[in-house]
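Work through the exercises below with the sequence and the model side by side. Try each task before reading its solution.

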Amino acid sequence: MSPPYFALLGAVLLTQLGCSSHPSVAPVSGKVTLDGEPLRFGSVMFQAVSGGQPATGKIQEDGTFSLSTFGDDDGAIVGKHRVRVVCYSSQDPAVAAAAGPAGDSLGRLLIPEKYTSLGASGLTAEVPADGLSGHEIALESGKAGGR
C-alpha cells in the first residue's frame, strides 16, 4: 500500500470518529409571558417525547429565550416536546447580583407550580427541521387581574 492510501484512510477514520451521533436539532426561540406580560427571568426546558438530551434556555428581561441542547443556541431535537418553565426569586438577576455567590435555596416560586413539571404543565411544542422562531409560551397565574 502506498503512503497516499494511508493518508486517505487516516483522514476517513478521523472524519468518522469526529462525527457526532447527536440527533438532529433545529434552532428554537420564543417568548414567555405570565398573564400577558413578559416573564423577566427564569428558564425554559424542552424535553423530546422520544427522549434524549433536553434543550434549555435562560429567559431574558424582555421574556425572550433561545434554546441550547449540545452547544450554545443550537436549538432543540427535531420533533414533539413537553415543555416546562421555572421562575424562582433567586433567578432574578438583580437579586442574584446583590446576594453574591449562589446559596442552596432557589427562593420563592414566582409562577404556578404546575408549569415547573414536564408532566403537569400542559405545555407542548413541535420543533420542525427548519426550526421554531417566535414560539409563544403563555402562562396564566389564575389570579383575577393578573399577577
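The exercises go from the whole chain to single residues and pairs.

This is a predicted model, in which local features need pLDDT of at least 70 and side-chain atom pairs count only at pLDDT 80 or more, while totals for chains, interfaces and linings use all residues. Residues are numbered from 1 along each chain as its sequence is written, and side-chain values use heavy atoms, with hydrogens and water left out.

**Exercise 1. The whole chain**

Task: State how many helices and strands the chain has, and give their order.

Solution: Begin with the rule that helices (H or I, at least four residues) and strands (E, at least two) are DSSP runs, numbered from the N terminus. Counting in this way gives two helices and ten strands. Reading from the N terminus on, the order is α-β-β-β-β-β-β-β-β-α-β-β.

Next, consider burial, where buried means under 20% relative accessible area, exposed over 50%, and partly exposed in between (1.4 Å probe, protein chains only). Of the 147 residues in the chain, 34% are buried. The accessible area, found by the Shrake-Rupley method with a 1.4 Å probe and, for residues, with only the protein chains shown as cover, comes to about 8,700 Å² for the chain, and carbon and sulfur atoms supply 56% of it.

Finally, take contacts, meaning heavy atoms within 4.5 Å. Among the contacts with a separation of 6 or more, 66% are between residues 24 or more positions apart.

**Exercise 2. The largest nonpolar core**

Task: Find the residues that touch the most other members of the largest nonpolar core, and the elements that give two or more residues to this core.

Solution: A nonpolar core is a set of buried Ala, Val, Leu, Ile, Met, Phe, Trp, Tyr and Cys residues joined through side-chain atoms within 4.5 Å. The largest one has 24 residues, and those touching the most other members are Val 32, Leu 39, Val 44, Phe 46, Val 85, Ile 137 and Leu 139. Two or more residues come from each of E2, E4, E8, E9 and strand E10 (132–139).

Now follow Leu 139, whose contacts, leaving out residues up to four places away in sequence, include Val 32, Leu 39, Val 85 and Thr 33. Thr 33 itself is found in strand E2 (residues 28–34) and counts as buried at 11% relative accessibility. With the same exclusion of residues up to four places away, Thr 33 touches Pro 38, Leu 39, Ile 137, Ala 138 and Leu 139.

**Exercise 3. A pair of rings**

Task: Which residues form the aromatic pair, and how are their planes arranged?

Solution: Rings of Phe, Tyr and Trp (its six-membered ring) pair if their centres lie within 6.5 Å, and planes under 30 degrees apart count as stacked, over 60 as edge-to-face and the rest as tilted. The structure holds one such pair. It is formed by Phe 46 and Phe 65, at 6.5 Å centre to centre with 50° between the planes, and it is tilted. Phe 46 lies in strand E4 (residues 43–48) and Phe 65 in strand E6 (residues 64–66), so the pair ties together parts that are 19 residues apart in sequence.

Ala 125 lies in strand E9 and is buried, with a relative accessible area of 6%.

**Exercise 4. A charged pair**

Task: Locate the salt bridge, and decide whether each partner is buried, partly exposed or exposed.

Solution: A salt bridge is a side-chain nitrogen of Lys or Arg within 4 Å of a carboxyl oxygen of Asp or Glu. By this rule the count is one, and the side chains that meet are those of Asp 92 and Arg 40, at 3.8 Å from N to O. The two are 52 residues apart and link distant parts of the chain, with Asp 92 in the loop between strand E8 (79–86) and H2 and Arg 40 in the loop between strand E3 (37–38) and E4. Asp 92 is buried at a relative accessible area of 14%, whereas Arg 40 is partly exposed at 41%.
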